[in-house]
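Hi everyone, thanks for making time today.

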Amino acid sequence: MKNILVTGGCGYIGSHTVLSLLENGYFVYVLDSNVNSSPLVIKRLIEIISQKDKGKINNLQFLEGDIRRLENIESIFKTASDNNKKINGVIHFSGLKSIKESINYPLKYWENNVVGSINLLKMMDKYECKTIIFSSSATIYNNFGKEKIKENCSIKPINPYGRNKSTIELFLNDIYESDPINWKIINLRYFNPIGAHCSGKLGENPIGLVNNIFPLILKVASKNINQLKIFGNDWDTRDGTCIRDYIHIMDLANGHIEALKFLQGNNPQILNLNIGTGSGITVLELIKTFERVNNLKIPYSFVGRRKGDMENVVADNSKILEILNWVPKYSLEDMCRDGWNWHLTNPNGY
Ligand code: NAD
Ligand code: UD1
């Protein structure tokens with residue numbers, strides 16, 4: 001399986017995964033509307049890859065297009081077939097991801113995320129491409145316990161974004177059941193990706209309001225905002241702040257390569273896989289590590305709990321460790337160092 005379509009390949013997770021794909025010898029088609037990313041990502045990818053292996057720069061093709069428009073998706077499948085480089089598999093990142101926006105604009109979210117995914121699957125079906133890795137999320141679990149989360153924990157999303165993700169998983173399940181002899185599907189349920197590629201050329205480039213903790217820490221570190229507001233210090237955890245499973249973006253990217261290899265080498269099936277390190281880190285531990293590694297201060301204060309927040313969201317990653325040839329290699333220190341390096345090199349993003 002050599003020719004891969006990456007939807008949303010200019011985004012945070014997509015761009016790092018495209019780099020891993022190129023490094024692993026794949027031919028990559030990127031389809032992205034750039035609604036939440038910059039087309040300059042493609043230039044950066046070419047810069048990085050040409051430093052290692054100039055020949056590989058011809059293995060990347062970008063088409064600006066929207067998955068809400070069937071003709072945009074069709075054009076990439078058709079071009080690929082016409083050029084004898086038929087798409088063999090898809091990694092489907094494109095989607096909108098703000099919880100808050102999804103609550104205020106459910107139509108926009110259902111159309112973009114769910115209708116967009118239906119369009120993509122229609123075209124995959126038409127062009128007989130029956131391998132897909134879907135970007136799902138730990139957000140579908142709504143976990144209130146203290147245990148690590150297993151794939152068979154109950155799925156109870158509490159906002160439209162989460163319901164989009166669980167609906168797409170259900171839809172993919174139906175697609176699989178309709179033709180189990182051919183479909184190969186993995187729903188990768190991401191925990192909290194942070195950090196950046198070590199070159200400083202790729203990283204997270206949030207457009208609009210920033211809500212997630214790591215980009216906010218970067219903003220405080222660079223004095224763009226005065227302090228971090230920590231949502232609650234009265235949680236039942238070792239220091240009173242919430243626990244998450246932070247995973248280095250390159251470990252997450254490499255997980256997609258291993259997922260592809262697994263699908264390629266095995267019988268048709270559908271799999272749900274958590275992808276996280278399995279280690280829980282509190283908000284204060286994250287801040288302290290960031291301060292120590294980068295030798296700077298992150299001023300913070302405690303505010304009330306955020307609506308819908310969960311105390312403890314940590315992957316039980318035993319299934320992915322067992323099934324794929326994948327182990328997370330990077331430490332929390334690496335995540336903090338590489339993330340800050342990206343910000344220092346690109347204070348205004350791309
Ligand atoms: P991102 O916003 O950086 O990347 C998404 C990309 O999809 C962007 O480049 C955007 O321009 C593109 N896109 C959006 N709608 C599109 C459309 N209709 N047509 C074509 N392109 C479109 O987000 P990310 O953090 O890289 O996340 C990638 C995927 O992973 C998303 O589906 C997200 O829901 C999921 N996810 C992310 C996280 C996280 O913490 N970042 C966690 C769990 C799941
Ligand atoms: C959030 C979303 C989740 C989504 C994920 C990735 C909520 C409730 N959950 O998850 O659905 O999949 O982003 O996009 O919005 N924190 C602070 N102060 C801040 C920001 C965050 O203390 O200003 C804390 C939070 O309480 C949490 C941790 O930092 O404990 C991580 O927060 P965040 O980066 O928003 O990720 P999640 O809450 O895991």
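Let's start with Asp-334 and Arg-337, which form a salt bridge whose closest N and O atoms are 3.1 Å apart. By salt bridge I mean a side-chain nitrogen of Lys or Arg within 4 Å of a carboxyl oxygen of Asp or Glu. Both residues sit in helix H11, which covers residues 332-345, and they are 3 residues apart, about one turn of the helix. Helices here are DSSP runs of H or I with at least four residues, strands are runs of E with at least two, and the numbering goes from the N terminus.

Is Asp-334 buried or exposed? Asp-334 counts as buried because its relative accessibility is 16%, while Arg-337 is partly exposed, with a relative accessible area of 39%. The cut-offs are under 20% relative accessible area for buried, over 50% for exposed, and partly exposed in between, using a 1.4 Å probe and protein chains only. Elsewhere, salt bridges with shared partners join Lys-43, Glu-47 and Lys-201 into one network.

A quick word on where this comes from. This is a predicted model, so local features need pLDDT of at least 70 and side-chain atom pairs count only at pLDDT 80 or more, whereas totals for chains, interfaces and linings use all residues. Residues are numbered from 1 along each chain as its sequence is written, chains are lettered from A and ligands numbered from 1 in the order in which they are written, and side-chain values use heavy atoms, leaving out hydrogens and water.

How many salt bridges does a search of the whole structure find? The search finds 26. One of them joins Asp-179 to Lys-130, with the closest N and O atoms 2.7 Å apart. That pair links distant parts of the chain, 49 residues apart: Asp-179 is in the loop between helix H6 (160-178) and strand E6 (184-190), and Lys-130 is in the loop between helix H5 (106-126) and strand E5 (131-137). Both Asp-179 and Lys-130 are buried.

Now, the sheet. Three strands make an open sheet in the order E12-E9-E14, with mixed pairing. Strands E12 (281-282) and E14 (312-313) stand at the edges with a single partner strand each, so one side of each has no neighbour in the sheet. Pairing requires at least two DSSP bridges between two strands. Strand E9 (residues 243-244) runs antiparallel to E12 and is joined to it by 2 bridges, with Ile-243 opposite Thr-282 in E12.
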